[in-house]
Amino acid sequence: MRELPPVHIPLLAEALTRFLAEELRAAGLRRWVVGLSGGIDSAVAAALAVRAVGAEPVEALALPGPTSSPESLEHARLVADGLGIRLDIVDLGEAGRAFASTLDIREDRLRFGNLLARMRMTTLFDRARRDGALVLGTSNKSEILLGYSTLFGDAAASVQVLGDVWKTHIFELARFLGTPEVVVSKPPTADLWPGQTDAGELGFDYPTADPVLHWHHEGGMTRDDLVAAGFPESLVEGVLHAYRRNRFKWRPTVIARVSSSCINVDRILPRNPR
Amino acid sequence: MTERPVERGEVPIALAQIATCPGQLRHNLDRHLRMLEAARTAGARLVVFPELSLSGYLLAHGVLELALAADDPRLAPLYEASRELAILVGLPLREPGGGISNAALLLEGGELRGVHRKLYLPTYGMFDEGRYFVPGPGLQPLECSLGRFGVLICEDAWHLSSSVLLAQAGAEAFLVMAGGPTELDADVEPAGGRRWHWLVGATAITAVRPVFFANRCGWEEGILFGGRSWAVDARGRALADTAPALEEALVTAPFSRADAAFARTLLPIPFMERLDLWRTALERRHA
């Protein structure tokens, strides 16, 4: 069966570190704001930011909601302490409950999860505005392609430093960067309700899905090619279904073009002119 | 290897591997002036910058704002610097008759010595140059006091016919200016740098001319460039250490007109090119 091609982890870490330094320079800003969930992706993103600009200009926020696990907060603190960065806790529990009530969300876990993801995004951008920072995104390629993210929630950020990195390689990056083992080895979770895991919701885990995604998305293999190559049919169906169904999340929005100067169509321009 | 000392009859050529930012002309110009100062200190007589070195690469429609005419006053610091050493610089060139070229200007003695306009504008995959630039009309070596140089801008070098034609037109060496994006794989160096290493070497040994290769490094708009600027002689021997992939660097390599002439006398490979086969292929295509 085909495997996910490996990547040189120290070179990847070095390149992404430089990316984070250059993005700040180009934008004329000095700080990164990152939400630390206690999970591996935000731990890796924060570690890269610290390598890029040092610990002082990296502000971490822990943003627990009404049903977040206390363990997540402990792990966020562990990561922040390990990196020597300040961790502010902004408890979104009460506001989350109130907002959910206003919207009459009740027991709809998906709506509630999306709401909380967007409240976290709102908090991070507010902090970035206050402190002259950019918001450091923590989405990885696997979850973006599978659509396991909230549009304008965790998918919203100034940059996505890990957005072209497979989750399989995030585990390797994390170990290379010295992320605490308890954070690396726990099952990935969005932590929106007790017991939630990515694999439980998706029906497969990332190391299993990544080779299928790679050989389809990059390698051009069709469903039948993948099954013929030995991937289980149910896995291929599940992965490709999520890949197709969530493609609208790749681009945050589309502008209806009615002129010959439509933004990002007829006028694609560098973001930081000076 | 370490850089060997420059011998009699050799002139040092500097490869200025810089990280530019699209839309930040002052920042980019600053990188040029800093590299020119370092090159002067190193005794270089010619400095080669990467493709679109003044503007950055991922300009898209930003070319409309950033294209410069060859006599634009904003280029004055470079013309001034060229009184001390020759400079090959890349920029979006505003053409007098309309259109914008992805171009290289050869400056020396405070004057414009020649212009090369990129022939092959990649418009596939992540590339979209055909949308913003017009292709150059032809290939001629550019001349300055140091010799006759075939200038190739990035994709130009991926068509080996470019170097054959330039060799036949009298080029003594090639100056390759690249803005080569790269991906990462299992190798310790970026994949793009590895491909360029092969390509530069192949160009040198098939056209039997030294090649001086200056590539971009750094990030633009989320795209990584692969550096690894390098120089190689007509027989495939390195003339300098390869620059690192991710950092700005100045590489100095010796160019000897006499050595280059001796090599192409011994090995007249480009002159054996069966241009009649090209004609046959053209006739077949147009039949």
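Helices and strands are here DSSP runs, of at least four residues for helices and at least two for strands, numbered from the N terminus. On this basis chain B of the predicted model has eight helices and 13 strands. The C-alpha trace of chain B spans about 55 × 45 × 45 Å along its principal axes, and the radius of gyration of the chain, 18 Å, agrees with the value near 19 Å that a compact globule of 287 residues would have. Buried residues account for 52% of the 287 residues in chain B, and, of the contacts in this chain between residues at least 6 apart in sequence, 68% join residues at least 24 apart.

B:Leu36 counts as buried because it has 24 C-beta neighbours inside 10 Å, where 20 or more are required. When residues up to four places away in sequence are not counted, B:Leu36 touches B:Val47 and B:Ala81. The C-alpha atom of B:Leu36 is separated by 26 Å from that of B:Glu155, a residue 119 residues apart from it along the chain.

In chain A, the packing of two helices was examined. The axes of helix 1 (residues 9–27) and helix 2 (residues 40–53) of chain A come within 8 Å and cross at roughly 65 degrees, which makes helix 1 of chain A roughly perpendicular to helix 2 of chain A. The crossing of helix 1 and helix 2 of chain A is right-handed. Helix 1 of chain A contributes A:Ala13, A:Leu16, A:Thr17, A:Leu20, A:Ala21 and A:Leu24 to the contact, while helix 2 of chain A contributes A:Leu48, A:Ala49, A:Arg51, A:Ala52 and A:Val53. The residues of this contact between helix 1 and helix 2 of chain A comprise nine nonpolar, one polar and one charged.

Backbone torsions were also considered, given that most residues other than glycine have a negative phi. A:Asp104, although it is not a glycine, has a positive phi of about 55 degrees; A:Asp104 lies in the loop between helix 4 (93–102) and helix 5 (109–131) of chain A, and it is exposed, with 8 other C-beta atoms within 10 Å. In chain B, phi of B:Glu221, likewise a residue other than glycine, is positive, at near 50 degrees. B:Glu221 lies in the loop between strand 10 (217–220) and strand 11 (223–226) of chain B, and with 18 other C-beta atoms within 10 Å it is partly exposed.

Notes
Residues numbered from 1 in each chain as written. Chains lettered and ligands numbered in written order. Predicted model: local features only at pLDDT ≥ 70, side-chain atom pairs only at ≥ 80, totals over all residues. Rg over C-alpha atoms; globule rule 2.2 N^0.38 Å. Buried ≥ 20, exposed ≤ 12 C-beta atoms within 10 Å, placed from the backbone. Contact = placed C-beta atoms within 7 Å. Axes fitted to C-alpha atoms, helices over the stretch in contact; angles between N-to-C directions. Parallel < 35°, antiparallel > 145°, perpendicular 65-115°, else oblique. Left-handed = near helix turned anticlockwise from the far one by under 90°. Nonpolar A, V, L, I, M, F, W, Y, C, P; charged D, E, K, R; others polar.
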